[in-house]
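I shall go from the whole chain to a single sheet and then to a single residue.

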Amino acid sequence: MQVHAVVLSTAGNQNYIFGSNKRRENVGASHLITCVEGEWLDRALAEAWADAGAEAEVGVGAEAPGVDGRAWRVEEHGIEVVTANAGGVTMLVRDEEVGKKVVGIITEAALREAPGLDVCGAVGQPFTWGDPNEIARGIAEARELLVVARTRRRGPRLRFPGVPIAARCGSSGLPARGVVEFPEGRSPSDRRHPPEGRPPSAVRPPAAAQPSVEAQSPTEGRPLMEARPPVEVRPPAGARLPVEARPSVEGRPPAEARPPAIGQAPAEAQPPVEARPPAEARPPAEGQPSAGARPLAETRLPAEARLPAEARPPVEGRPPAEGQAPVEGQAPVEGQLPVEGQLPVEGRLAAEAQLPTEGRTPAERPLEGARARAEGRLPEARSAPSLAKLHAFDRALLRLAIKMGLCVEGDEEAVARRKLSSIIDHLNFRAEWVAVVHADGNGMGKVFQRFPSLMEEQEVKTAADYVSKYRDLSEGVDECARDAFRSALKKLRGNGWSAGTDEPPVLPLVLGGDDLTVVCDGELALPFARDYLEEFTRLANEHDAVGGVLKHVEDLRGLGACAGVAIVKRAYPFHRAVHLAEELTDEAKVVKQELGQDRSALSFHVLYESAYADLERLREQQTLDDGDTCLSGQPYVVGDVGDAEWARHRHWDDLERRVAALTAREDGALVISASQAHELRSALFRGRQAAQSRFKMVSTWLGEEAVHGLADDGSLFWEDGTNRTGLLDALNAAPFLRSKDVS
């Protein structure tokens with residue numbers, strides 16, 4: 001029997017998910033990627049079987065497979081799903097046309113329902129079913145064809161040309177396709193802090209609900225109109241009393257007794273007004289034309305010669321007088337009778353709401369912005385990818401709730417949606433520090449590359465057994481990651497959190513295969529990452545389909561993971577934070593060379609600056625004395641490592657010990673005060689000798705017992721080819737590791 005390998009995968013997932021700072025779009029994008037191995041795959045299997053069954057080409061003589069296409073087997077039904085996770089699918093089909101149809105259905109669904117998502121598929125050449133090595137070769141060749149197919153077509157961004165000129169999306173920068181109207185205060189671009197205990201939509205009431213000036217109270221910054229003192233009406237100059245007849249003001253001398261102003265002649269020496277020459281007899285000032293040369297003022301008609309108000313032409317921008325026709329397109333004044341055929345403002349808004357949106361010109365909707373403001377909506381331009389992500393948001397909440405273990409499908413969906421919505425709003429509007437946690441399994445690519453030789457060593461002879469083992473390994477890794485996430489989340493619930501949310505503010509955006517990307521509150525990032533790595537390593541090594549297979553290989557022995565944690569301010573560009581977390585994960589991967597791939601480690605960075613965060617530049621800033629001193633002890637190893645010398649001083653327990661010393665209190669006050677900690681931080685950047693001197697001075701003031709937790713063998717530094725210290729890491733981590741997290 002001849003079979004074909006079918007391979008589909010997404011590309012640029014991180015850019016697709018994290019290209020926007022809008023949390024709702026991040027969540028929707030994550031859901032659309034899972035549709036590749038989820039609902040779109042189920043749809044393709046159903047349609048492919050229907051067509052194949054009608055033509056009697058596939059599954060001849062087999063019973064109807066039912067609705068669960070993932071349980072089909074290629075020998076019986078002609079289609080078999082080998083792996084389906086992390087935005088990728090690997091299948092086997094007997095008929096090449098069935099494989100092409102599956103690829104076509106999934107890619108067309110992506111184009112229609114997830115514009116901007118890069119999905120590509122390939123159908124490999126036929127190979128003989130039966131030999132496990134032939135299956136491995138056929139899948140590898142199909143993956144090579146996939147790479148060629150992807151390079152021969154245009155990227156997804158070229159699907160959205162900017163010509164003709166269109167408004168730009170406020171989220172992605174792509175040409176806008178439509179307008180999304182958010183309730184005021186809930187706009188994704190609104191970064192104001194809503195009041196605690198109130199939803200973001202209550203930040204500011206809509207324009208129609210704002211109180212009038214007369215209704216505002218003095219506490220709102222403006223006094224009542226009735227409470228204002230009356231303005232004194234000043235009589236004209238001709239009606240004023242002479243100075244001597246005016247009433248005297250208390251504390252002020254009478255006019256005749258006042259001394260003249262500086263440079264002013266006494267009153268008796270000033271000429272009377274009537275004795276002054278008339279204006280036309282006065283000489284003109286320097287640079288001023290004479291009275292005769294001045295242009296005549298415009299002659300104004302007397303009142304009785306002016307046109308009546310109703311006969312005057314209207315002036316644009318000025319409210320028309322009673323009985324006067326308004327300017328064309330101008331709203332009539334309140335209380336004025338409209339011109340025949342013209343609707344009042346409310347009537348025009350109501351009538352305009354009945355008009356279809358498609359095909360309307362700006363002239364046909366002159367009051368659209370006014371209506372949006374009156375209803376408390378803020379319209380924002382959005383591109384086709386952004387609209388698709390927002391549309392998928394509600395469906396994504398349910399999927400995330402099920403994956404996080406907040407509910408089972410069909411049970412308490414409304415409660416789970418509310419809990420997740422509160423988490424998203426907290427991360428969007430209230431959290432001061434937001435963290436991106438990225439975790440990746442160690443050497444999974446090497447594991448799948450060596451899988452054929454592993455099966456040979458375990459004497460797997462048949463193609464069916466080979467495919468079954470391959471599927472079990474993929475699903476086992478996915479199961480370990482999901483269970484490790486739930487376990488870490490459960491520990492966070494037990495320790496408590498400061499955010500006013502029903503669940504710990506942790507939002508998984510990528511959770512498939514051995515990959516994990518989480519957005520969470522900054523205070524939870526480090527304990528969550530540590531607990532996840534510990535649980536994933538334990539579960540993977542105990543799982544029969546994962547650890548049970550890898551423990552037989554000498555240089556593999558098991559499966560670990562590494563993580564990177566980037567803690568940034570909420571307004572920091574999201575895609576940059578994700579990039580930094582990925583770089584930190586790569587830095588932590590050094591543990592594979594030092595201790596083996598069955599060990600786990602993490603690196604972190606707290607970013608106080610708003611500039612572009614390049615990890616190489618950040619580490620160079622922490623390298624002093626011509627490279628002889630490094631102020632970072634990262635990565636930190638998590639879990640049991642035995643007596644490995646490389647892990648000495650750089651285990652997670654060592655970091656917690658230093659943080660405990662910095663945060664220790666006695667009689668309610670810090671043992672090491674904030675000013676002393678600041679002096680230690682400053683001394684670190686002046687070099688190793690300056691840091692050691694400052695440390696000895698602090699230990700003299702406070703006693704060696706107080707600073708013992710900061711030292712490693714009596715010194716701030718240890719040597720592993722470079723003089724390293726973990727004090728700066730502890731100073732950065734201290735605000736984000738609470739006493740409950742430091743054991």
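I looked up burial and noted that 45% of the 743 residues in the protein chain are buried (buried means under 20% relative accessible area, with a 1.4 Å probe and protein chains only). This is a predicted model, in which local features need pLDDT of at least 70 and side-chain atom pairs count only at pLDDT 80 or more, while totals for chains, interfaces and linings use all residues. Residues are numbered from 1 along each chain as its sequence is written, and side-chain values use heavy atoms, with hydrogens and water left out.

For the surface, I noted that the protein chain exposes about 39100 Å², of which carbon and sulfur atoms supply 52% (areas by the Shrake-Rupley method with a 1.4 Å probe).

I then noted 24 helices and 19 strands in the protein chain (DSSP runs, with helices H or I of at least four residues and strands E of at least two, numbered from the N terminus).

Next I looked up an open sheet of four strands, which has mixed pairing and the order 13-14-19-18 (two strands pair if DSSP finds at least two bridges between them). Strand 13 (623-624) and strand 18 (717-719) are at the edges with a single partner strand each, so one side of each has no neighbour in the sheet. Strand 13 runs antiparallel to strand 14 (residues 629-630) and is joined to it by two bridges, with Leu 624 opposite Thr 629.

Last, I looked up Ser 474, which lies in helix 14 (residues 463-495) and is buried at a relative accessible area of 7%. Leaving aside residues up to four places away in sequence, Ser 474 touches Thr 83, Asn 85 and Phe 448 (contact means heavy atoms within 4.5 Å).

Terms used
Buried means under 20% relative accessible area, exposed over 50%, partly exposed in between (1.4 Å probe, protein chains only).
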